[in-house]
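Colleague: Please show me the model, and then I will ask about it piece by piece.

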Amino acid sequence: MSVIQCVDLTKSYGKLKAIDHLSLDIEENKITGLIGRNGSGKTTLLKILAGFLKPTSGRVKVFSGEPFNSLQVSTNSIFIDDTMTFPDSMTLSNILTEVAPFYAHWDSHLASGLFDYYSFNPKQPHSNLSKGSKSTFNSILGIASRCPLTIFDEPTTGMDSAVRKDFYRSLLKDYLEYPRTIILSSHLLSELEGILEDILLINHGTKLLHLPALDLKELAVGIRGNAQAVLRFVEGKEIIYQEDFAIGSLYVVIRRGLIQQQLEEIRQSGIEVLSVTTDELCVYLTATTKGGIDDVFNRS
Amino acid sequence: MSSTEVNLLSISLKQYFYKLKAHTDLVNRLIITQLLALLFSLGGVSSMSSGSANLTVSLRSYSANIVIIFSILWILITAILLTTKPYKKMEMPLVGNRISGDISDVGFLMTASVFAGVTSSLAGVLLRVIMYFTFDRSKMGFDSFSLTFSDLLLGMLVAILYLGLISAVGYFIGMLTQMNMAFIVLIPAVIYGTLRVYTGLAQSVFEFYVVDVSLPLFALRVIITSIMLFGVSMLLSNRMEAGK
């Protein structure tokens with residue numbers, strides 16, 4: 001059963017289309033990673049799903065209802081980002097107890113457990129926290145609220161690597177115990193890979209890919225070697241990314257399906273066949289030019 | 001995980017209790033404002049003196065009206081503040097929609113009106129007590145010094161009604177400016193312009209709410225106007241997007 005359905009969804013700010021005819025389905029109880037470049041429309045999409053923004057056109061359904069301004073959707077979802085504000089008159093421990101009654105599945109035991117683990121000062125107001133600590137605190141709300149739809153928009157902003165790892169682990173552990181639909185947007189795909197089931201890649205407000213994370217890993221392959229030899233194999237095929245590796249040597253990323261039969265042959269002709277990490281692949285797929293930043297320097 | 005059924009009123013009520021705790025700083029501002037007004041009141045609101053060759057009479061009047069006026073200003077500013085982004089953003093981590101947020105704001109403003117109305121009326125009593133113990137009693141005119149309990153209650157009720165009305169006006173103005181910043185300029189311009197063109201209008205509006213014969217009629221007018229203003233504000237807010 002799909003929890004989220006978007007059909008031809010568009011959101012424009014004036015002339016700029018933040019979301020451009022996007023259609024997607026997200027299934028129940030899956031962890032989906034929303035990946036995209038800066039300004040690709042990730043936050044806008046998540047805010048539409050959370051019911052904060054109204055789509056300009058197209059249909060969006062969350063739990064089979066329109067999310068905008070919907071009490072039903074709000075009751076069953078939580079949106080976590082680093083701009084969440086809490087009143088200064090409340091201390092951190094106050095916030096946890098005051099927010100709890102709003103969420104039916106709230107686990108106060110878990111919340112206080114995580115709160116103590118990250119050794120927050122219970123008397124501190126939220127606005128005094130550092131960037132990383134704010135994200136950490138907000139993530140506690142996201143996990144402990146156990147909403148059927150939990151949305152994290154860049155949850156790890158400012159977190160150090162130890163805390164990030166703890167966050168991924170705690171999220172995964174709680175998810176396994178209480179499955180729910182989780183959407184995470186992040187730039188750190190390499191770190192997230194381990195916990196994501198599906199990956200949704202968007203660029204310029206449109207969907208590029210929506211695949212299980214494992215399939216994405218196998219999607220492309222990189223081949224590196226003598227430029228002429230490499231070109232012989234990839235000629236006429238759609239190249240995802242191309243880079244001059246050294247003089248006379250070329251690195252090309254290409255869909256695995258296109259050269260699956262030739263892989264043995266390629267290996268025998270002395271060309272290296274490399275796997276492409278999902279993180280790199282997403283960067284290549286969303287790049288505006290085929291040669292990446294190098295193009296800027298090679299223009300002369 | 002199963003989805004939970006919802007009820008607008010119960011969520012608004014939860015938000016209301018959340019806001020009571022969240023907005024304590026606003027209430028602190030009221031207390032400071034009232035203390036300041038009380039301090040001004042101790043200087044007297046008007047003084048008059050006349051005399052002939054061998055007799056001088058000077059008369060100074062004291063009143064705690066400034067406290068009520070300051071409280072009205074406070075509730076106006078508070079109502080406008082509640083519609084602004086920083087305050088509306090505080091609703092985002094909570095369950096709710098625009099309507100539940102507005103209902104809880106109205107609830108908070110009503111509570112604030114009652115609190116401000118009661119305290120500002122009691123400030124009149126406090127002023128009398130301070131004067132009784134610190135001023136030269138032989139020079140005091142006691143005619144209107146003592147305040148009957150029924151008068152105190154009446155004063156409270158009227159103050160609460162005014163505060164409620166002003167909070168509705170403030171919330172409406174705040175909502176308009178949230179829709180479009182142009183209203184910051186437009187509203188004062190329209191008010192000023194209308195008053196210049198229709199000179200009798202201010203007089204009749206004033207008479208409609210202020211110069212009145214019976215308390216129930218006055219209360220009815222104030223309550224209906226407030227409900228209308230809050231209602232329109234909610235309709236406006238219901239179309240707006242949260243947390244852009």
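This is a predicted model: local features need pLDDT of at least 70, side-chain atom pairs count only at pLDDT 80 or more; totals for chains, interfaces and linings use all residues.

Colleague: In chain A, where is confidence highest?

Modeller: Helices (H or I, at least four residues) and strands (E, at least two) are DSSP runs, numbered from the N terminus. Confidence in chain A is lowest in helix 13 (residues 294–297), with a mean of 74. The highest value, 95, belongs to strand 6 (residues 149–153) of chain A.

Colleague: Why do the buried residues of helix 3 of chain A line one face of the helix?

Modeller: A residue is buried if 20 or more other C-beta atoms, placed from the backbone, lie within 10 Å of its own. In helix 3 (residues 92–99) of chain A, the buried residues are Leu92(A), Ile95(A), Leu96(A) and Val99(A). They line one face because, seen down the helix axis, the directions from the axis to their C-beta atoms fall within an arc of 100°.

Colleague: Which residues have the most contacts inside the largest nonpolar core?

Modeller: A nonpolar core is a set of buried Ala, Val, Leu, Ile, Met, Phe, Trp, Tyr and Cys residues joined through C-beta atoms within 7 Å. The largest such core has 118 residues, and those with the most contacts inside it are Ile151(A) and Tyr171(B). Its largest share, 12 residues, comes from helix 6 (residues 149–179) of chain B.

Colleague: Is Ser121(B) buried or exposed?

Modeller: Ser121(B) lies in helix 5 (residues 98–134) of chain B. Leaving out residues up to four places away in sequence, Ser121(B) touches (C-beta atoms, placed from the backbone, within 7 Å) Leu152(B), Gly155(B), Met156(B) and Ala159(B). With 24 other C-beta atoms within 10 Å, Ser121(B) is buried.

Colleague: Which helix supplies the largest share of the side of chain B that touches chain A?

Modeller: In this pairing, 27 residues of chain B are in contact with 31 residues of chain A. Helix 1 (8–22), helix 2 (24–41), helix 4 (85–89) and helix 5 of chain B each supply at least two residues of that side of chain B. The largest share, 6 residues, comes from helix 1 of chain B.

Methods
Residues are numbered from 1 along each chain as its sequence is written. Chains are lettered from A and ligands numbered from 1 in the order in which they are written. A residue is buried if 20 or more other C-beta atoms lie within 10 Å of its own, exposed if 12 or fewer, and partly exposed in between; C-beta atoms are placed from the backbone. Two residues are in contact if their C-beta atoms, placed from the backbone, lie within 7 Å. pLDDT is the predictor's confidence in each residue, from 0 to 100.
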